[in-house]
Amino acid sequence: MFIKIAAPTMLLAVVIGPVAAAETLPEAIAAPGESVVLSVHAEGAQVYECKAGGDGKLAWAFREPIATLLSEGKTIGRHYAGPSWEHADGSAVVGKAIGNAPGATAADIPWLKLEVASRRGDGALTPVTTVQRINTHGGKLDGACDKAGEFKSAPYSADYVFLKKG
């Protein structure tokens, strides 16, 4: 009898858990009223290029992300310049940043909210209208650059949450 009562309580905690966690997102990247289509983990790098700034001084400028999208330890897609996310089923979305919040430490790239600007294919990403980048680790590149045109990458990981309206 005790087990039958405990199991629904455990299930309820699991069901409530993600909802409670979603409510703790910074307001700038929250997506109230939207539901999760897919949530994945990404491992990769943020690529930077040494460029002259408006003041003529060389500095690292963000160029593009390169990452593998993982679900339950298996590769299910990739993330690359655009910013674009492509699922193994051929569906893909391109986003435009509309909100950001600081990462947990100074070495972490910001959390983002991106609006889907375009899509292609028919599959898991087809209904997606918003992408959130959360739980970032690493990805920032600091320090001087000496030669214009030089590239460097900074390893990063993040979770991407794909949402749809309604």
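The largest nonpolar core in this predicted model has 25 residues, and W85, V93, V131, Y160 and F162 are the ones with the most contacts inside it. A nonpolar core here is a set of buried Ala, Val, Leu, Ile, Met, Phe, Trp, Tyr and Cys residues joined through side-chain atoms within 4.5 Å. Buried means under 20% relative accessible area, exposed means over 50%, and partly exposed is what falls in between, using a 1.4 Å probe and protein chains only. The elements that give two or more residues to this core are β1 (34-52), β2 (58-71), β6 (111-120) and β8 (151-165). In soluble globular proteins, nonpolar side chains tend to be buried together.

Start with W85 if you want a way in. Setting aside neighbours within four places in sequence, W85 is in contact (heavy atoms within 4.5 Å) with L69, R78, H79, S91, A92, V93, G95, L114, L125, V131, Y160 and F162. There is also a second, separate core of 8 residues, with L25, A101, I134 and L163 among them.

Now step back to the whole chain. It has 1 helix and 8 strands, and from the N terminus on the order is α-β-β-β-β-β-β-β-β. These elements are DSSP runs numbered from the N terminus: helices are H or I with at least four residues, strands are E with at least two. Of the 166 residues, 36% count as buried. Take the contacts between residues at least 6 apart in sequence, and 61% of them join residues at least 24 apart. The chain exposes about 9,700 Å², with carbon and sulfur atoms supplying 60% of that; the areas come from the Shrake-Rupley method with a 1.4 Å probe, and for residues only the protein chains shown count as cover.

Next, the disulfide. The count is 1, taking a disulfide as a pair of cysteine sulfur atoms within 2.5 Å. C50 and C145 form it, with their sulfur atoms 2.2 Å apart. C50 sits in strand β1 and C145 in the loop between β7 (130-138) and β8, so the pair ties together parts that are 95 residues apart in sequence. The torsion about the S-S bond is about 75°, so this disulfide is right-handed. Both ends are tucked away: C50 is buried at 1% relative accessibility, and C145 is buried at 6%.

Then come the charged pairs. The count is 5 salt bridges, each a side-chain nitrogen of Lys or Arg within 4 Å of a carboxyl oxygen of Asp or Glu. One of them pairs R63 with E49, the closest N and O atoms being 3.3 Å apart. R63 is in strand β2 and E49 in strand β1, 14 residues apart, so the pair links distant parts of the chain. R63 is partly exposed at 44%, whereas E49 is buried at 15%. R63 also meets E64 in a salt bridge, 3.5 Å from N to O, and E64 is partly exposed at 22%.

Another salt bridge brings together E86 and R120, 2.9 Å from N to O. This pair also links distant parts of the chain, with E86 in strand β4 (residues 84-87) and R120 in strand β6, 34 residues apart. E86 is buried at 18%, while R120 is partly exposed at 44%. Through shared partners, salt bridges join E49, R63 and E64 into one network.

A word on conventions: residues are numbered from 1 along each chain as its sequence is written, and side-chain values use heavy atoms, with hydrogens and water left out. In this predicted model, local features need pLDDT of at least 70 and side-chain atom pairs count only at pLDDT 80 or more, while totals for chains, interfaces and linings use all residues.
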